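Welcome! Please take a look at the structure below, and then we will walk through some of its side chains together.

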Amino acid sequence: MPDFSLSLFVFIAACFAAAMTGAFFGPGKWYEALEKPGWVPPNWAFPLVWTVLYGMIAAAGWIIWSVAEPGQATVPLAFWALQLAFNALWSPVFFGLKRMDLAMIVVSAMWLAIAATILVFWPISTVAAALMVPYLVWVSIAAALNRAVWRLNPDAHKLAA
């Protein structure tokens, strides 16, 4: 029987590592100076929502790992890892490189990877799939915000150089 506490820790650690890119590449003065749409969530909402979502993402991956038949979790967990890699990449691209155009590509790829993860999780665990749905909704909002801020500030990456 596998050690579930250790395996859960691995999924939590992976999500924590992805979250750390947001801590290293935070919004800062550049982002604060950008024009934003009126519907942008308040600054305090982002760390709160992401903390809850990362817990749900970790739990979803762990559930798949723990309930899947031997060999059944390989593809679903590959999609899980892929969406998390795109998640970790977005902050360095948007806030670090200040490239909203490239960040839009990353967030779009992340959205597709999350949707694919939900689809491949579903036959194994509807609970794990359902845990990923709020994340997909939030990333949909993040993608719309990425697009809106980019549209309102098309030359912002040139100003940051």
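How many aromatic pairs does the structure hold? The structure holds ten aromatic pairs, where rings of Phe, Tyr and Trp (its six-membered ring) pair if their centres lie within 6.5 Å, with planes under 30 degrees apart counted as stacked, over 60 as edge-to-face and the rest as tilted. This is a predicted model, in which local features need pLDDT of at least 70 and side-chain atom pairs count only at pLDDT 80 or more, while totals for chains, interfaces and linings use all residues. Residues are numbered from 1 along each chain as its sequence is written, and side-chain values use heavy atoms, leaving out hydrogens and water.

**Aromatic pairs**
- F46 and W138 pair edge-to-face, at 5.7 Å centre to centre and 65° between the planes.
- This pair links distant parts of the chain, 92 residues apart: F46 is in helix α3 (residues 45-67) and W138 in helix α6 (residues 126-152). Helices here are DSSP runs (H or I, at least four residues), numbered from the N terminus.
- W90 and F95 are also edge-to-face, because their ring centres are 5.4 Å apart and their planes at 90°.

**A ring cluster and a charge**
- W30, Y31, W90, F94 and F95 are linked into a cluster by ring pairs.
- The charged end of K36 sits over the ring of Y31, 4.7 Å from its centre; for this, NZ of Lys or CZ of Arg must be within 6 Å of the ring centre and within 35 degrees of the ring normal.

- F46 is partly exposed at 23% relative accessible area, whereas W138 is buried at 12%. Buried means under 20%, exposed over 50%, and partly exposed in between (1.4 Å probe, protein chains only).
- S7, in helix α1 (residues 4-24), is buried at 8% relative accessibility.

Terms used:
Helices (H or I, at least four residues) and strands (E, at least two) are DSSP runs, numbered from the N terminus.
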